[in-house]
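Grab your viewer and work through the exercises below. Try each task before you read its solution.

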Amino acid sequence: MSALHDKLASKIPAMRDRAKEIVSKYGSEVISEVTVAQAFGGMRGVKSMVCETSVVDAQEGLIIRGRPIADLADRLPEEIFFLLCTGDLPNEMELQSLQAELGDRREVPEYVWDVLRTLPKDTHPMQMFTTAILVLERDSIFHKRYAEGMTKQEHWEPALEDALNLIAKLPALAAAVYRIRFEKGDLIAPDATLDWGASYAQMLGIPDPSGKFANLMRLYMTLHSDHEAGNVSANTCHVVGSSLADPYYAVSAGLGGLAGPLHGLANQECLRFVKGVQDRFSGVPTEQQLTEYVWELLKSGRVVPGYGHAVLRVTDPRFTAFHAFGKRFCADDPLFTIVDMGFRLIPDILIKHGKAKSPYPNVDAGTGALVHHFGITESNYYTVLFGVSRSLGMLSQLILNRALGTAITRPKSVSMDWIEKKVGAKAHPPVSSPA
Ligand code: CMX
């Protein structure tokens with residue numbers, strides 16, 4: 001058994017006891033109320049689920065297991081997965097054990113490549129990526145053990161097995177999507193000496209003599225890994241997993257949510273936006289030209305991609321980390337220069353526009369320009385990069401949910417009729433007629 005398995009096995013009993021005690025002590029306490037506007041408005045702000053892996057604070061941004069993301073930016077994605085699952089960063093032995101385990105599980109069956117090669121040439125990379133994951137579902141250990149009959153107490157172990165098998169293969173799957181979809185030539189075999197993020201960079205086939213692209217990929221995988229449980233992808237994975245569908249189904253469903261333009265697909269839209277600016281002005285615009293361009297976009301009723309957030313009310317610290325990387329390694333790149341100029345100008349424009357609750361950049365605002373700089377110019381691939389990373393968060397949440405025996409999700413919906421009758425009667429009680 002691996003160090004990650006053993007650490008989880010040592011921590012899960014106390015975690016279960018704690019959850020039991022919390023429910024028994026505070027089970028009937030109210031932690032949130034829901035207004036009619038929230039029922040129509042994506043349940044924004046309604047506290048109705050539990051997530052141990054991370055918290056998103058409106059002012060501080062992402063905090064993973066008590067550590068602000070800015071303090072974790074230099075960590076490997078494998079370390080972050082261990083931290084998400086257990087609450088502790090791995091020591092050297094634990095990290096080596098996890099890396100060895102991922103190495104042992106990375107082989108992808110040949111039929112997955114056959115399926116990817118059979119898809120029509122214009123298939124979106126996110127569709128190819130989720131298809132590849134679904135094709136692997138037949139190997140789910142959770143599915144098999146459930147069919148054989150296992151106790152609820154045991155659920156987390158096959159969930160962990162599936163998670164490790166999937167995480168080990170994700171870089172190869174995602175790299176194959178890139179090479180097949182964009183006709184980059186043969187698939188590249190993994191280099192067994194590399195860590196998980198660097199191995200993904202190597203299999204993509206981007207020339208990287210300086211190692212900077214591998215560094216960007218490690219940073220990318222670390223920064224996008226998790227964002228608590230209510231965002232569309234994590235929440236979808238949570239709901240599907242709560243039915244005891246196995247991790248392959250749950251993660252591919254979550255990735256379907258990530259493929260929406262208001263969520264993960266925004267990073268492809270961000271690069272289109274920046275390139276649109278470059279094309280319009282045949283290069284880097286002046287500040288006045290960019291300001292006019294953004295106003296034009298807003299007046300046409302469109303959103304500025306990469307800005308605003310459902311929870312954050314400050315510049316996303318993940319944007320800050322990417323921005324610092326860009327300033328260091330891509331400062332002369334015209335696309336990065338436009339991103340940098342946007343960061344100086346767009347928040348004030350959005351404040352004047354007066355709609356967005358947060359006028360600041362989110363994680364997606366600058367990532368496209370960075371990966372473009374190193375040679376991944378196909379913007380419709382960018383959400384796959386996000387998806388590989390976010391799978392770490394979705395899977396760690398899923399393992400913990402199976403450990404806690406989280407119930408099947410089933411909130412109550414109401415009809416507009418119901419609201420008008422019940423809420424309307426309370427808000428405007430009928431006036432009683434005089435006797
Ligand atoms: N540009 C223009 N208008 C914006 C805006 C932006 N970047 N962000 C929000 N608004 C508008 C909304 O469209 C909404 O308008 P309506 O009232 O006409 O519908 C209004 O401001 C209020 O929205 P909000 O409460 O501030 O934002 P939401 O919580 O509803 O949505 C988000 C959050 C991220 C979807 C939204 O800010 C947005 O569309 N941003 C651009 C797309 C983007 O960058 N998405 C990536 C987010 C990160 C991720 O989850 O991956």
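Two strands pair if DSSP finds at least two bridges between them, and strands (E, at least two residues) and helices (H or I, at least four) are DSSP runs, numbered from the N terminus. One thing before we start: this is a predicted model, so local features need pLDDT of at least 70 and side-chain atom pairs count only at pLDDT 80 or more, while totals for chains, interfaces and linings use all residues. Residues are numbered from 1 along each chain as its sequence is written, and side-chain values use heavy atoms, with hydrogens and water left out.

**Exercise 1. Work out the strand order in the open sheet and find which strands stand at its edges.**

Step 1: the open sheet has 3 strands in the order β1-β2-β3, with antiparallel pairing.
Step 2: β1 (54–57) and β3 (67–68) each have a single partner strand, so they stand at the edges and one side of each lacks a neighbour in the sheet.
Step 3: zoom in on β1 and β2 (residues 61–64), which are joined by 4 bridges. Here V55 has I63 in β2 as its bridge partner.

**Exercise 2. Is E94 buried or exposed, and which side chain does it contact?**

Step 1: find E94 in helix α4 (residues 92–104).
Step 2: its relative accessibility is 9%, so E94 counts as buried.
Step 3: look for a polar contact (N or O atoms within 3.5 Å; within protein, one able to donate a hydrogen and the other to accept it, and residues adjacent in sequence counting only if both atoms are side-chain atoms). The side chains of E94 and K7 make one at 3.2 Å.

**Exercise 3. Inspect both ends of helix α7 (residues 141–148).**

Step 1: at the start, a side-chain oxygen of S140 comes within 3.3 Å of the backbone nitrogen of F142.
Step 2: after α7 comes G149, with a positive phi near 100 degrees.

Notes: Buried < 20%, exposed > 50% of the residue type's maximum accessible area, 1.4 Å probe, protein only.
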